[in-house]
Amino acid sequence: MSAPARSRYDAVIIGGGHNGLVCATYLARAGRSVLLLEAAGRLGGAAVTREFAPGFRVSAGAHLLHLMPPGLLRELNLGAHGLKMAAAGLPTVALSRDGQHLLMGGRAVPTLSSADAQAYTEWRRLLGRIAAALHPVLNEPPPRLGTDAWSDRTALMRLGWRLRRLGRRDLRELLRVGLMNIHDLLEERFQSPLLKGALALDAVLGTNYGPRSPGTVLSLLYRLAATHGSDALSLPEGGLGAVSAALAQAATAAGAEVLTSQPVARILVKEDRACGVALASGAEVSAGVVISNADPKRTFLDLLGAEHLDAGFVRRIAQLRTHGVTAKLHLALQRLPQFSGLDAAALRGRLLVAPDADYLERAYNHAKYGEYSQAPMLEVTLPTLTDPALAPPGQHVASVIVQYAPYRLAEGWDGGRQRLTDIVIDTLGAHAPDLRQCVMASELLVPTDIEREFGITGGHWHHAELAFDQFFMVRPVPGATQYRTPLPGLFLCGAGCHPGGGVMGLAGRNAARQVMHEVA
Amino acid sequence: MSQESPHFRQPLLRTPFHERARALSQIDRFIPWAGYTTVDVFSSAEQEYFSVRNASSLFDLTPMVKYRITGADALRFLNRLMTRDIGKLRPGRVAYTVWCDDAGMMIDDGTVFCTGENEYLVCTAERQLDWFAASAIGFDVRISEITEEIAALAVQGPTSYALLKGIGLAGIERLKPFEHGNFTMPGTDGAITLMVSRTGFTGDLGYELWMEPADATAVWDALMRRGSSRGVRPIGSQALNMVRIEAGFILPNMDFVSAAHTLRIGTERSPLELGLAWLVDFKKGHFTGRRALLAEQQRGPLRQLVGLDIEGTKPAHNALLYTERSGRREAGSVTSATWSPTCKRNLALAMVDAPYIATGSLLWAEIYLNRELVWERRMVRARVVERPFFAPARRRATPPAEF
């Protein structure tokens, strides 16, 4: 832990998650003096690799890299900063109890009935076209309505033009399905329950919704828009923490000063303008602009304080839906469990336990009433198959995303943690009967743990629910869009902003551009 | 406040003064006000009006919504909520203030009583719990609605001081405008303690009495008994409306609609537009609506509430205003109007477009007259004049004169 080198910077960034690091890099490259302050002892926020059992390391938050657009990776030149992929183009396997697993995604061709195969091809093409039309939206601040600003008008016109260019049929379909629930849409198009389950999982993963919740088509489109419709998955060598390390190196190389173990106590305000930060250590740093990578509630309610904001705005922030429903289970395995009906290549990808869409909806039912799913949906990776260094020789790591595990568990997470761990092991064990015998150690991160470890209020991946009312032009809330806040000099750059979380990095880049646009 | 029948059979509450008021009501004109039934006119609005300006009047203001604000952050909370600097308000003082939404548009106006360190009483026209609760996020503050716990009676008029002294409120002569204090008066079962503030809605010498509901009738009876020689008279809302226009005071739903209730875009009003810029303290630190109001101040007003002196004697209720007699171009509209018997002027408050808000501007008011169901339209001169229209020196004198 070292102190800031200077007393004043052009920009101080609160939080060293991937968006904070991306923002710092762009600002520093533009010649700004930048100080990034991370509260934790390591950088990366929820994109981090750490030990969870002696000798076993895992990507503790996000465990796959698939949302960061190739353009951003190129611009940041992360390869030159040490980022290597352990595997790319990984497939997805939807696990079936009868061993007839469905291999899909990446370069895989799923084994389906001819009707489903044709529907699936059409589906991928349609989503690909829509995703390609929506993708540019992620690359810029969302426009505001009802302003005279030329940038807002042109952004709206560009969006309109891109949608128009989809053509009558696709646009009609987009307008029809855009706010639908994924369950109904999948019912229209497919027969295979396993296929529908797997596709529904992508629509609800990380959200507080079930497949029958309205808006789940939108969340799927959104996820695909980030990748231009591609569902190829990558695993960085060294886990997601390697991405953060490369981002940190890029930021430092660009000239940004990056400090860890430097929690910010509050944002300083002078004459109704953010003018710096006070550190928990007592030191103060002054800044031309303060940019917060922290979630909106932490930024506005804890770091800034309601007294600097209007009451209506504070109420909107307080009402922002920020409760996560996704848990993360890490298993230290003394050997690779025997998954029935899967070859080694398939095991390298992600394994889904989502046998059908109703299974997911039933899993979601529990979350509505403050319970964890008795039969949860799972997204599993075995990163040691492509990156053996994460575990001792011959031993393995399983990284499991578990849904649904509500932030507010009625019975409390003290006892619930072990019971949910057992349920997940049994659920996955149905496909690998010797799993329980392989488990040497386990760690379950429920949303309250995610809140504590990563400093995300509510423990939600996206900082704030990705739903239509907290989306795009109104994300996180009206009055704090376009990375701006009601307080001059204070900006946001985290997942709570458009276009949201996942290890995407676009919020950080867009925020940097907005800051440079506004503060010459 | 005993309620014999269920609330759905009698949706309007009765104030502790209700039985006394009903006994004195000659024409049975009651109107609902903030969930209570209250007197609109006892006998004749004009007679009641003259009791305010020439003698003493009693007005039951129990329905005023009252909140007690306490807690370590009570002052910080109020300062972020209100446009005025509540930090300057010392215990024993009262301040008139307004509060706005994020867009700087008026939600309500009211009075803040500082009753101790981080202890305040806030009186409002309409219920505010929702907005106060939103404003309390992030503050250590306790807000209790105590409307039903306090009976309130306004004693206003030139003889009001003599009347209060007459019922035995020792020390009342020292109470200055916008001060409040606790006073005792003899009652049949021992002394009655009242909080008295030298405040009011009449622009005249006057007081407001705040008491336990159980003491309400005893206080009323003492005032009526003692006041017979001082010309005391209970008054209803109509007479109050006449005097408040003379005093230049605004009323929600007459001169503005709360931004919490407006549905149409552009019908909300800012305190700057309502001529209340003197209540907006940009230097005290942040408060809700400050950034929007600052931008409005820099941009300059689009419209403003002004006082009008209108030709003739017919009140210009709801009149549209024009720049020329021809009525080709509108310049605003009248929000409140009355013939002022004391000023002998035809007065109005009007929301007027920015080019015409300067004192002395000449506008034309379109007045419709009902002559036994034969309607006539008059275009009369309306000149922008200073407010208040009526501000007698006696309202500020301490000790007040005994008329």
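**Figure 1. Helix H3 of chain B and its packing partners in the predicted model.** The buried residues of H3(B) pack against helix H11 (311–319) of chain A and, within chain B, against strand S4 (65–70), strand S5 (94–100), strand S6 (106–116), strand S7 (119–124) and H4. Helices (H or I, at least four residues) and strands (E, at least two) are DSSP runs, numbered from the N terminus. H3(B) is mostly covered, with eight of its eight residues buried, and these are B:Ala74, B:Leu75, B:Arg76, B:Phe77, B:Leu78, B:Asn79, B:Arg80 and B:Leu81. A residue is called buried if 20 or more other C-beta atoms lie within 10 Å of its own, exposed if 12 or fewer, and partly exposed in between, with C-beta atoms placed from the backbone. This is a predicted model, in which local features need pLDDT of at least 70 and side-chain atom pairs count only at pLDDT 80 or more, while totals for chains, interfaces and linings use all residues. Residues are numbered from 1 along each chain as its sequence is written, and chains are lettered from A and ligands numbered from 1 in the order in which they are written.

**Figure 2. The contact between chain B and chain A.** Across this interface, 15 residues of chain B are in contact with 14 residues of chain A, where contact means that the C-beta atoms of two residues, placed from the backbone, lie within 7 Å. On the side of chain B that touches chain A, the elements that give two or more residues are helix H3 (74–81) and helix H4 (129–135) of chain B. The residues on that side of chain B divide into five nonpolar, five polar and five charged; Ala, Val, Leu, Ile, Met, Phe, Trp, Tyr, Cys and Pro count as nonpolar, Asp, Glu, Lys and Arg as charged, and the others, Gly among them, as polar.

**Figure 3. The largest nonpolar core and the surroundings of A:Val12.** The largest nonpolar core has 281 residues, and those with the most contacts inside it are A:Val12, A:Ala24, A:Ala511, B:Val112 and B:Leu153. The largest share of this core, nine residues, comes from helix H9 (residues 240–254) of chain A. Such a core is a set of buried Ala, Val, Leu, Ile, Met, Phe, Trp, Tyr and Cys residues joined through C-beta atoms within 7 Å. Leaving aside neighbours within four places in sequence, A:Val12 is in contact with A:Leu35, A:Leu37, A:Gly276, A:Val277, A:Val285, A:Ala287 and A:Val290.

**Figure 4. Domains 1 and 2 of chain A.** The domain assignment of chain A gives domain 1 (8–47 + 68–84 + 239–321 + 459–518) and domain 2 (118–230), with bounds that come from an automatic or database domain assignment. The C-alpha centres of domain 1 of chain A and domain 2 of chain A lie 26 Å apart, and their contact takes 20 residues from domain 1 of chain A and 17 residues from domain 2 of chain A. The side of domain 1 of chain A that touches domain 2 of chain A has 11 nonpolar, seven polar and two charged residues.

**Figure 5. The crossing of helices H7 and H13 of chain A.** The axes of helix H7 (residues 193–204) of chain A and helix H13 (residues 357–368) of chain A come within 7 Å and cross at roughly 40°; axes are lines fitted to C-alpha atoms, for helices over the stretch in contact, and angles run from 0 to 180 degrees between N-to-C directions. H7(A) and H13(A) are therefore oblique to each other, given that angles under 35 degrees count as roughly parallel, over 145 as roughly antiparallel, 65 to 115 as roughly perpendicular and the rest as oblique. From H7(A), A:Lys196, A:Gly197, A:Ala200, A:Leu201 and A:Val204 meet A:Ala357, A:Tyr359 and A:Leu360 of H13(A). By class, this contact of H7(A) with H13(A) has six nonpolar, one polar and one charged residues.

**Figure 6. Backbone features in two loops of chain A.** The peptide bond from A:Arg475 to A:Pro476 is cis, with omega near -5°, and A:Pro476 lies in the loop between helix H16 (447–454) and strand S18 (490–492) of chain A. A:Phe472, found in the loop between H16 and S18 of chain A, has a positive phi of about 50° although it is not a glycine; A:Phe472 is partly exposed, with 19 other C-beta atoms within 10 Å. A:Tyr483 is also in the loop between H16 and S18 of chain A and has a positive phi, near 65°, but A:Tyr483 counts as buried, with 27 C-beta neighbours inside 10 Å. The peptide bond from A:His498 to A:Pro499 is cis as well, with omega near 0°, and A:Pro499 is placed in the loop between S18 and helix H17 (506–518) of chain A.
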